[in-house]
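Let us take a walk through this protein together, moving from one spot to the next. Keep the structure open beside you as you read.

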Amino acid sequence: LSASSLTAAAPAGAGDLAPFVGTWSGDWNPGPGSNGKFRALDLEIRPGGKIVETWYRYQKQDDGTVKTSKTSHAVTKYKVSGQTLLLTTHVASFKFERQPPGPTDIEESLELQGKDEAVFKALSNSLLAEAKRKGGLVPPEPPPIAMKRRS
């Protein structure tokens, strides 16, 4: 699913989005022996309040090539608190490990570090929190992602 094919309605929100408007991108470095950085996330914040996030996934194939896929979701709720934009995204079918897919609400933040720099953090995932509460093994929250405004 690409960001351009996603219909995003303006989410329920509070606060002035103006300092955050633009397309933000963040990369991650998979570590030693890798060939550079990979795009991890794009966050498109539109002037009218529509917000779309796109996560990238990379899978190494048997022939050594890397298959890239991306998934986009509309942000359902936001709140501006000072230099931080708090986001909630609802994912209808979130899957991890061997668990069956299920609906989840993911809470995240984008904290401005300058005019065109920010840090993105995943704060919580309701499906993972419930699995952990039941004693299941869940992955740790991903590390913060340095973001740059592209437009």
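This is a predicted model: local features need pLDDT of at least 70, side-chain atom pairs count only at pLDDT 80 or more; totals for chains, interfaces and linings use all residues.

Ala146 is in contact with Ser25, Gly26, Asp27 and Ala118, once its neighbours within four places in sequence are left aside. This residue lies in strand β9. Is Ala146 buried or exposed? With a relative accessible area of 56%, Ala146 is exposed, because the cut-off for that word is over 50%.

Now step one place along the chain, to Met147. Leaving aside neighbours within four places in sequence, Met147 is in contact with Trp24, Ser25, Gly26, Leu41, Leu43, Leu110, Asp116, Glu117, Ala118 and Phe120. Met147 also leads us inside, as one of the residues with the most contacts within the largest nonpolar core, together with Leu43, Ile45, Leu85 and Leu110. That core has 19 residues. Which elements give two or more residues to this core? They are β3 (38–45), β5 (66–81), β6 (84–94), β7 (102–112), β8 (117–125) and β9 (145–149). Strand β3 supplies the largest share, with 4 residues.

The protein holds 1 helix and 9 strands, and their order along the sequence reads β-β-β-β-β-β-β-β-α-β. Of its 151 residues, 32% are buried. Among contacts with a separation of 6 or more, 47% are between residues 24 or more positions apart.

Next, look for the aromatic rings that pair up. The structure holds 2 such pairs. In one of them, the ring centres of Phe38 and Tyr58 are 4.7 Å apart and the planes meet at 55°, so this pair is tilted. Phe38 lies in strand β3 and Tyr58 in strand β4 (residues 51–60), so the pair ties together parts that are 20 residues apart in sequence. Phe38 is partly exposed, with a relative accessible area of 22%, and Tyr58 is partly exposed as well, also at 22%.

The other pair is formed by Trp55 and Phe120. Their ring centres lie 5.8 Å apart with the planes at 70°, so the pair is edge-to-face. Since Trp55 lies in strand β4 and Phe120 in strand β8, this pair ties together parts that are 65 residues apart in sequence. How exposed are the two partners? Trp55 counts as partly exposed, at 27% relative accessibility, whereas Phe120 is buried, with a relative accessible area of 1%.

Stay with Trp55 for a moment. Not counting residues up to four places away in sequence, Trp55 touches Ala40, Leu41, Ser69, Lys70, Thr71, Glu108, Phe120 and Ile145. One of these, Ser69, is 14 residues from Trp55 along the chain, and the C-alpha atoms of the two are separated by 8.5 Å.

Trp55 also brings us to the open spaces of the protein. Rolling a probe the size of a water molecule over the atoms shows where empty space is left. The largest pocket holds about 1,200 Å³ of space. Which residues come closest to its centre? Of the 30 residues that line this pocket, they are Trp55, Tyr56, Arg57, Phe94 and Lys95. Strands β4, β5, β6, β7 and β8 are the elements that give two or more residues to the lining, and the largest share, 5 residues, comes from β4.

Our last stop is the second largest pocket, with a volume of about 160 Å³. Its lining is made up of Phe96, Gln99, Pro100, Leu127, Glu130, Ala131, Lys134, Gly136 and Leu137. These residues divide into 5 nonpolar, 2 polar and 2 charged.

Key. Residues are numbered from 1 along each chain as its sequence is written. Side-chain values use heavy atoms; hydrogens and water are left out. A nonpolar core is a set of buried Ala, Val, Leu, Ile, Met, Phe, Trp, Tyr and Cys residues joined through side-chain atoms within 4.5 Å. Buried means under 20% relative accessible area, exposed over 50%, partly exposed in between (1.4 Å probe, protein chains only). Contact means heavy atoms within 4.5 Å. Rings of Phe, Tyr and Trp (its six-membered ring) pair if their centres lie within 6.5 Å; planes under 30 degrees apart count as stacked, over 60 as edge-to-face and the rest as tilted. On a 1 Å grid over the protein atoms alone, a cavity is a set of points where a 1.4 Å probe fits but cannot get out, and a pocket is an open set with protein on both sides within 12 Å along at least five of seven lines; lining residues have an atom within 4 Å of a point. Grid points are joined across faces, edges and corners, and a volume is the space filled by probe spheres set on the points. Ala, Val, Leu, Ile, Met, Phe, Trp, Tyr, Cys and Pro count as nonpolar, Asp, Glu, Lys and Arg as charged, and the others, Gly among them, as polar.
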